[in-house]
Amino acid sequence: MTLPTGADTPSFDDQPADDRILRQGLRNIGDMIRLEPKPFAVGAAGAMANTAMTLFLSFVVGWVVSAIAVPAYENGEVVLATVMIGVAALLGTSIVRFSTMCARRIGAGVMMFGVQAHWRRQITRRYLALPVSWHQKHPTGTLLSNANADVEAATRPLAPLPFAVGTLFMVVVAMGAFLWIDWAIALVALGMFPALFALNALFATKMAPRAKRAQELRAEVSAVGHESFDGALVVKAMGREAAETERFSATAEDLRDAMIGVGRLRAAFEPAISGLPEIGVLVALLVGLARFEAGAIDLGQLVTVSFMFSVLAFPVRAIGWVLGDLPGSVVGRRRVDHVLAATGDMSYGTKQLPDTTTPARLEFDAVAYAYPDGHEALHEVTFTVEPGTTVALVGATGSGKSTLAHLAARLVDPTRGTVTLDGHDLRDLTHATLARTTALVQQIPFVFDDTVRANLALDRTGLDDDRLWDALVAAGAEKFTAALEDGLDTEVGERGTTLSGGQRQRLTLARALAGQPRMLILDDATSAVDPKVESQILTGLKDSSEVASVLVVAYRRATIALADEVVFLENGRITARGPHQDLLKTHQPYADLVTAYERAEAEREFDSEFDDTELNDTELNADINGTNRNEEETTA
């Protein structure tokens, strides 16, 4: 499985265990504290106040026993005033402990969720800044895992962190109290706490590789599951349910085994981590009794020491929780940092074009484009889409048509040469200018799980219902939209599952037209409608006064014939240009390809017995090229 990578970073496994866990884990905690200092301060202050009250309660209990319980037992008399003081002390201490506990938990929660929100926003912004080529190399499930499971793993130590800080404060104060009461009891505490910390450190070291593997497998399970759900129609149509179930089961079983390994390690260490403080209490009692019999401490001090050890037993575990969560936290943080350090940002310029609806001029000047592996998809491509004209890109699969469409929309940048819009290099224009001026409609339409209106408007300003209906008419989508139960307010379902393929394509075309772009780029965007409807749509676009410059990747002869000029591509080079009829007479490779398209479509229509007027042309292109329509050049 490919994980998102960015700048080179040292391998997690190449670093020493203590450095990997303690140094990186503490640095991670420090970074998170700097992100949310105020909630941490509230939580830590509440935790320290809570532990101070807990220790104070030890002295209160010792005083109650020595000043109230023992005299009452020995003399049979109870002094009401003394009892009231004891009750007030116990009740007041409990109220303060409850209040400070609330402050500790609220501070910890606000801090943890605040850091998670911060990192998720950062990751999302990073995803949006990275080019399409980066996203195409990383599974969607893994990217979702980076923004969800990895962020949660990285911030997991924050929940017990204020408690652990309060516990450290408690340990320091308790050690001072033990030394003040008796040196022998202090020695017991001095032996217990280092042993507990050492045991936790050993646990964290052993847990690191297991946590790393489990976190990676979570991402893999997410990636496999997302791919299966995303390709549900293919899985069903090809009868691959059993194979997909087996593929997912194998990955899920690996995750199960990894999580069982984590659980077994926890099962081995947690009893020892939990039992060590209890053993410390017993040893402290034995030593305290010996010192009491020797007259070194009195009864009140013995009760205070015993109660203090007992209340320390549970809070000390909070330190263990933090240390135990450090391995997963370090792994999660490193995976988050991989995304945040990813390179390849597509920066934008500062130039703006006039806010007008006049047709734009698009020019390719000696453009070349190479994939990251070095394969050059385009070679010295030069042509111009004059304002108000339609230019058709024609060529066999892999000839570079979709790459040119992506360059025109600036989804990718050329390796050499320039692509200009109204004389300005696309790289010099602002993002808003590009989005307002150009619109790309691809062969595979994407429809959001929302209403028709929301899919058309996309929250863009100035798009009222009249404008949306005009776009629907231009795209040939007004009739089926009007026939929907709620019209523009109809929910179309996830990816537009309630619509046919042709309806989805026309809806996405209308979405592009609604913004009144000056340059419309169609990457086989009408393949799912029948030739007659496609011809009507393209004729309407050609005659429209709003969208006059069109660059279209075309396959059907009727579509190609509508273009003012045809650019014929072979192996990433322009081998012929001119009107369709002229190329049919003068360029045999072009004539052969267009004739093959026409013959394959005619044969398919003859053999088909379906009446649906929105059949997809995937089979047509597969017949011609001997492969599917996922062109090599679309992988940028």
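**Notes on the predicted model**

1. Leu509 counts as buried because its relative accessibility is 1% (buried means under 20% relative accessible area, exposed over 50%, partly exposed in between, with a 1.4 Å probe and protein chains only). Leu509 sits in helix 18, residues 501-514. Leaving aside residues up to four places away in sequence, Leu509 touches Val441, Ala475, Leu520, Leu522 and Ile537 (contact means heavy atoms within 4.5 Å). Its C-alpha atom is 7.5 Å from that of Ala525, 16 residues apart along the chain.

2. A word on how to read this: the model is predicted, so local features need pLDDT of at least 70 and side-chain atom pairs count only at pLDDT 80 or more, while totals for chains, interfaces and linings use all residues. Residues are numbered from 1 along each chain as its sequence is written, and side-chain values use heavy atoms, without hydrogens and water.

3. Now the sheet. Four strands make an open, antiparallel sheet in the order 2-1-4-5 (strands are DSSP runs of E, at least two residues, and helices of H or I, at least four, numbered from the N terminus; two strands pair if DSSP finds at least two bridges between them). Strand 2 (376-385) and strand 5 (424-425) are the edges, each pairing on one side only. Strand 1 (residues 362-370) is joined to strand 2 by six bridges, and Val367 stands opposite Val381 in strand 2.

4. Please keep confidence in mind: the protein averages a pLDDT of 76, and 81% of the residues score at least 70 (pLDDT is the predictor's confidence in each residue, from 0 to 100). Over residues 1-18 the pLDDT is below 50. Residues 608-636 are also below 50. Where pLDDT is low, the predicted coordinates should not be read in detail.
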